[in-house]
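Hello,

Here is the structure you were waiting for. My notes follow below it.

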Amino acid sequence: VETTASRPIDYGALLEELGGQESVLHEMLGILLQTTGECRAVIRRAHTEMDYPGLASAAHKIKGALVAFGARSAAMAAADLELQGRGGDLVAVRRAMARLEDELDRLRVALEAFVGGNDEGGGR
Amino acid sequence: VKILLAEDELAGRALLNTQLKRLGYETVVAEDGRLAWEQFEREPVEVVITDLMMPHMDGLELCRRIRAIERPPFYTYVMMLTSLDGKEWALQGIAAGADDFVTKPATFDELVIRLRVAEHTLHLERGMRRLESLLGGCVECHRVPTPDGRRISMRSYLTEVAPRDERVPCPDCRLRDAHVSAASSEPCRA
């Protein structure tokens, strides 16, 4: 059972930050879903091409979005990938990449459920 | 107060922009540092909130360019945002001329506090400009004349020329103080 604490994003806290406007929350989460999808594609491409500076830069960018929305666990994974990308250690990059992919999968499922109105827990 | 928001990352920009509007600010957004600079050149604003790392021009360079304007029409308060850890970045931001440096995420409450400081600083800067005007300051270089015929900045004037705080109570306050003193020295009626 997924609890509020284990959710990738604290919707309640975010809603409060947005002054309690649910329509704005939905709009913002839709933008986050779009942004993380785009950044993820850039990260994957950089990883495939072993472009580590590009990978670190893309990881930094997605980290900014995740941090802004309070997606702590995914943000930490992005921070780790950014760090490993700057270090250029192939094994460490691969491990960090897998961790971020997992976190982003969790986030995508949660965001799609919320934005699509299928978040049964209500999220708030 | 109008705010120029420079942030390349869409989701963070949208969230921050929504929060600023919620606070009643008028905003202009730019998707990178270069676009922010072009916007600022077209229309200077009193507050700039900029991300540090951006493509084409980073927040440090944007800040340096704003500070390099020789005769700005007004002071611009620059708040730099970053998700980069470490005080080294903060020091670089301050060295570039930023007034404030905020580590992401900035919560709504933190934003309220920081912008209050920004507005207070801008209020003082506006007062300084008015003081320059009263003292016969130059409309272009803003320097003010000294009694010995030099022209110096307002800040130098305040430390070098302006007298120390030698204020005395005005007649109204003297009268009020006298009443208070008289009341407190009345004998007890018991």
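The crossing of α2(B) and α3(B) is right-handed, a term used when the near helix is turned clockwise from the far one by less than a right angle, anticlockwise being left-handed. Helices here are DSSP runs of H or I with at least four residues, strands are runs of E with at least two, and both are numbered from the N terminus. In chain B, α2 covers residues 33-42 and α3 covers residues 59-68; their axes lie 9 Å apart, at an angle of about 20°. The axes are lines fitted to C-alpha atoms over the stretch in contact, and angles run from 0 to 180 degrees between N-to-C directions.

On the α2(B) side, G33(B), A36(B), W37(B) and F40(B) meet L62(B), R65(B) and I66(B) of α3(B), where contact means heavy atoms within 4.5 Å. These residues divide into 5 nonpolar, 1 polar and 1 charged (nonpolar: Ala, Val, Leu, Ile, Met, Phe, Trp, Tyr, Cys and Pro; charged: Asp, Glu, Lys and Arg; polar: the others, Gly among them).

This is a predicted model, in which local features need pLDDT of at least 70 and side-chain atom pairs pLDDT 80 or more, while totals for chains, interfaces and linings use all residues. Residues are numbered from 1 along each chain as its sequence is written, chains are lettered from A and ligands numbered from 1 in the order written, and side-chain values use heavy atoms, without hydrogens and water.

Some loop residues in chain B:

- H56(B), in the loop between β3 (47-51) and α3, has a positive phi of about 70° although it is not a glycine. H56(B) counts as exposed because its relative accessibility is 56% (exposed is over 50%, buried under 20%, partly exposed in between; 1.4 Å probe, protein chains only).
- P105(B) sits in the loop between β5 (100-103) and α5 (108-134). The peptide bond from K104(B) to P105(B) is cis, with omega near 0°.
- E166(B) belongs to the loop between α6 (154-160) and α7 (171-184) and is exposed, at 64% relative accessibility. E166(B) is 25 residues from C141(B) in sequence and 29 Å from it in space, C-alpha to C-alpha.

Chain A has 5 helices and 0 strands. Of its 124 residues, 44% count as buried. M50(A), in the loop between α2 (22-48) and α3 (52-68) of chain A, has a positive phi of about 55° and is not a glycine.

Regards
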